[in-house]
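I opened the model to look up a few local features. My notes follow below.

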Amino acid sequence: ARELANETGVGEDVIRKKMAYWVNQNVVKVIRSTRETTYELASYHDSTNDDNEEDVFYDEDDGLVVSLSCQEEEEWEAYESYVVGMLSNLGQLPLEQIHNNLKKFTTGSEHKYNKTPQQLSIFLGRLCKEEKLECGANGMYKLVK
């Protein structure tokens, strides 16, 4: 990221945000090192490699990396059903209300909700990209019609 920032004259934070889009589209992959984040063109093999048990999602706004294990993915699938039910019954809702409702609704369930609003925001963003939800300019989430 630093090298791209130097070459383009654009800040590293902006580079990370913009590169997150291409990473999510499987055009570019992230190479992690202890010193710096670098990027490399992804190949067909990279996007079809099913041996990896973790899915990695990059938040384009914050440049955060969220790695999901199989167990976490299962939890998020359960939370997705709660979110869909919530939005079906209550209409459009802001992030904080979805977050608070998930804490309440999952209290006795197998998948107790213990995520941060930031983690939920990344997940809801993913659902928006999958065209399952929409987020309006007012920050309200609703089901895609």
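I began with Lys103, which is partly exposed, with a relative accessible area of 39%. (Buried means under 20%, exposed over 50%, partly exposed in between, with a 1.4 Å probe and protein chains only.) This is a predicted model: local features need pLDDT of at least 70, side-chain atom pairs count only at pLDDT 80 or more, and totals for chains, interfaces and linings use all residues. Residues are numbered from 1 along each chain as its sequence is written, and side-chain values use heavy atoms, without hydrogens and water.

I placed Lys103 in helix α5, residues 95–105. (Helices are DSSP runs of H or I with at least four residues, strands are E runs of at least two, and both are numbered from the N terminus.) I then checked Lys103 against Asn114, eleven residues apart along the chain: their C-alpha atoms are separated by 7.2 Å.

Next I looked at Tyr21, in helix α2 (residues 12–24). Tyr21 counts as partly exposed because its relative accessibility is 37%.

Then I turned to Glu131. I found it in the loop between α6 (117–129) and β6 (133–135). Most residues other than glycine have a negative phi. Glu131 counts as exposed, at 63% relative accessibility.

Last, I traced the strands. (Two strands pair if DSSP finds at least two bridges between them.) β5 (residues 93–94) and β7 (residues 140–143) run antiparallel, joined by two bridges. Pro94 stands opposite Met140 in β7. β6 and β7 also run antiparallel, with three bridges. There I noted Glu134 opposite Lys142 in β7.
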